[in-house]
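The structure is shown first.

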Amino acid sequence: MAISFYNTLGKTKEPFQALVPGQVRMYNCGPTVYSYAHLGNFASFILPDLLRRYLEYSGLQVLQIMNITDVGHLTDDDQADARGEDKLEKKAREEKKNPWEIARFYEDAFHEDRRILNLTPAHHYPRATEHIVEMIEIIQELLSKGLAYEAGDQVYFEIDRFPKYGLLSGNPVEELIAGKRIEEDPQKHNPLDFCLWKKDPWHIMQWDSPWGRGFPGWHIECSAMSRKYLGRVFDLHTGGEDNIFPHHECEIAQSSGGDDTICSRYWLHRRHILVDGKKMSKSLGNFYTIRDLIAKGFCGAEIRFGLLGAHYRSQYNFTFAGLGAIRESLRRLREFWRNMDGLPSSREDEAKAEVQALEARAGAADREFRAALDDDLNISAGLAEVFNFVRDAYKLAKTSPGGRVAREQLLSWDRVLGVVEHSLKPPPAGLGPLEASGPPLALAEGTLLEAGIEEWLKKRDQARQAKNFKEADRIRDLLKEKGIVIKDTPQGTKWFRNP
RNA sequence: GGCGGCAUAGCCAAGUGGCUAAGGCAACGGUUUGCAAAACCGUCAUCCCCGGUUCGAAUCCGGGUGCCGCCUCCA
């Protein structure tokens, strides 16, 4: 079965072939660290996470690089030009810190949120500010090849030297020029030429360069870092759909180095999400950070499942009602996990037929699961197979050996989904104030038993034996008030911190 | 103005020419349970509208209507 992805470059679904068979090199546009990353940011970061997990599930090796943009893009960038105020500078002024402190603080926050959402860590998170030298090298190369020129206080890329400009976004160059959005700039050879370096000795973050002290243009960092860690041509590049133009268009142009080579063979873009049916944006102020949702009582696994369960090319409409439905469906998987563990024990040889039936069903379901994900990460179809398996496994598994097979299959899929185990684990340590607000996370069975609960259960059991159900129900209600939910099963009474 | 996406049950959502239109949430009836919980069985859509192509269309083509995105900082 071939894996295929929808390639923005070409606007069609294409079979995926790694340049080096079995080894995938992937670059992801990461966060700009001048504030807490919001739900939309993580929607786009979960795309590379799913890609990484699924490619590895398919037996491929993945080298993943996600950049950290810690040099301020400008608040008022105009057609890839360098104007306006630096975002980090603005934030630094607001918080009365220097921009480096701001960047490190929000970079740390990004990693905390990333862990809450159980995103697989990339192999490197290179920072833009630590690759200024590499950026300067590329600009020099472009200048020496006549693909860039110095004019006034800026170095520009000359887009007339790159015929493929506009290929990724589908924007005809003439149309872009005809648009009124480009301000006339007599310094430029072509209105679409974009900034590679800006001389500005007053800028708050500045570096030496052959063109004077200043700062880099806002596309060059990705060219520099992808080339350094992945080489001139690599396999996958991801980002939000807003990156298509101008960011990735410019990146392709400047990375080409004078020939027609396009730095990444596949470009995958995450469609923007909506919140309550409206565009989520900072200017509208209707955005949620991960922290906001945690504070409202949702856990990382639920948020993750919501973002993951929506296909990356569809417009996911985030609502709290929807997240509630996600919570319930995740509960079903979690219950399955628990119920398969609580089956009556049996010897392996006695349960041979049951085990074989489950293995057969699991094998078939996994083939369907893979077929679905192979098709441009069709997660909805993949999840349908997971739930179909859950339903059938409930019918087939009667004893512990069968339950073990069912759990193993769910666990296997969870390597891709990353939600079941994650929702059973207590929150990771070291998260500061976030730790306190991570419900509903289950207690691992058999651990963290609070003093008294076992006694109450014993008491309730005695009451039930004596058919004193009034007393038994009273104890159940009492525990429920404390957030402990009880289930009577043929294997005895079980309790959970959350259902 | 240029480029692009979407419209499937109460809600979310897969399916792009042909088996009974996946799956999840919610709801309802039943089995089970001391009662619950969980589980199980069952019920719940002909696919925005009009026209066309075809033996056959949710799926292709044309025309409507509605919603949304990019082209400007934004994932």
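Gln-409 lies in helix H13, residues 400-417; helices (H or I, at least four residues) and strands (E, at least two) are DSSP runs numbered from the N terminus. The model is predicted: local features need pLDDT of at least 70, side-chain atom pairs count only at pLDDT 80 or more, and totals for chains, interfaces and linings use all residues. Residues are numbered from 1 along each chain as its sequence is written, chains are lettered from A and ligands numbered from 1 in the order in which they are written, and side-chain values use heavy atoms, with hydrogens and water left out.

**Gln-409**
- Gln-409 is buried, at 11% relative accessible area (buried means under 20%, with a 1.4 Å probe and protein chains only).
- Beyond residues up to four places away in sequence, Gln-409 touches Tyr-57, Ala-362, Asp-366 and Phe-389 (contact means heavy atoms within 4.5 Å).

**Cys-29**
- Cys-29 sits in the loop between strand E3 (23-28) and helix H1 (39-57).
- Cys-29 is buried, with a relative accessible area of 9%.
- Apart from neighbours within four places in sequence, the contacts of Cys-29 include Phe-45, Met-66, Cys-222, His-237, His-247 and His-248.
- Cys-29 and His-237 are 208 residues apart in sequence, with their C-alpha atoms 7.8 Å apart.

**Helices H4 and H6**
- Helix H4 (residues 132-144) packs against helix H6 (residues 220-230) at about 100 degrees, their axes 9 Å apart (axes are lines fitted to C-alpha atoms over the stretch in contact, and angles run from 0 to 180 degrees between N-to-C directions).
- H4 is therefore roughly perpendicular to H6 (65 to 115 degrees).

Conventions
Buried means under 20% relative accessible area, exposed over 50%, partly exposed in between (1.4 Å probe, protein chains only). Angles under 35 degrees count as roughly parallel, over 145 as roughly antiparallel, 65 to 115 as roughly perpendicular and the rest as oblique.
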